[in-house]
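Let's take a friendly look at a ligand and the pockets of a protein. Have the viewer open and follow along.

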Amino acid sequence: MTWRATVLTLFPDMFPGTLGQALAGRALEAGIWRLEARDIRAHSADRHGRVDDTPFGGGAGMVLRPDVVDAAIAAENDGRRLIYLTPRGRRLTQADAAELAAGPGVVLLCGRYEGIDQRVIEARQAEEISVGDYVLSGGELPAMVLLDSCVRLLPGTMGAAESAEEESFSGSLLEYPHYTRPAEWQGRAVPPVLLSGNHAAIAAWRRGEAERITRDRRPDLWAAHTAQVAPAVPMP
Ligand SMILES: C[S@@+](CC[C@H](N)C(=O)[O-])C[C@H]1O[C@@H](n2cnc3c(N)ncnc32)[C@H](O)[C@@H]1O
């Protein structure tokens with residue numbers, strides 16, 4: 001069955017955007033996945049098409065109304081997971097992408113302005129997911145980030161030229177560095193072991209580099225990795 005993504009947005013013309021190109025675009029064309037961008041504004045009951053209002057309690061900006069967003073969600077409610085992209089959500093992980101890619105698809109809700117009235121998020125039990133600790137002006141780029149992370153894992157999307165097997169976050173380590181021709185460039189030589197043809201030595205070098213990079217750059221991942229490799233012995 002075709003993996004299906006529905007994006008609820010005030011800016012449907014932003015899609016497919018980057019998702020219509022390269023790997024994701026080829027998969028879209030091949031029918032491996034389907035993308036529908038739905039205009040939240042189509043569900044406004046207001047003759048001026050208003051979808052937002054001022055925040056209760058005062059403050060700057062506007063908030064998307066719960067009745068309008070609820071109607072937009074109701075039109076797509078078919079059992080797929082509903083995700084609201086928000087900086088307040090838990091951080092998107094590779095495990096999320098793999099889990100979503102293994103399901104039937106996803107419905108993504110994009111906020112704008114100050115965000116969406118919290119009552120509809122709760123009433124519809126939307127999962128709240130963030131793409132990182134920074135604030136963007138809308139949920140459309142985060143939706144594209146999430147979709148790209150899923151689509152590249154769908155069976156048939158990646159050819160032999162691309163592989164998710166040893167990538168960063170597919171295991172507990174970041175990936176080792178890559179090199180290609182020329183063997184020497186601007187006085188910088190490729191690590192000699194990579195030219196040795198010794199597969200065991202190459203694998204050991206790559207493993208060592210993955211460990212070094214993870215330890216140096218991401219102490220959080222390194223701590224989880226070492227706990228996994230050598231689980232703490234419970235106190236008697
Ligand atoms: C300007 S932001 C609202 C930020 C919100 N007032 C806050 O401080 O958390 C507007 C919309 O962009 C989206 N957005 C912005 N940054 C995001 C992030 N890091 N991850 C996911 N969505 C984000 C959300 O959909 C949000 O409702």
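## The ligand and its pocket

β5 and β7 each supply at least two residues of the second largest pocket's lining. Strands here are DSSP runs (E, at least two residues), helices are H or I runs of at least four, and both are numbered from the N terminus. The model is predicted: local features need pLDDT of at least 70, side-chain atom pairs count only at pLDDT 80 or more, and totals for chains, interfaces and linings use all residues. Residues are numbered from 1 along each chain as its sequence is written, and side-chain values use heavy atoms, with hydrogens and water left out.

Where does the ligand sit? You will find it in the second largest pocket, meaning that more than half of its atoms lie within 2 Å of the pocket's grid points. β5 gives the most to this lining, with five residues, and also the most to the shell around the ligand, with four residues.

Note on methods
1 Å grid on protein atoms, 1.4 Å probe; cavity = no way out; pocket = protein on both sides within 12 Å on 5 of 7 lines; lining within 4 Å.
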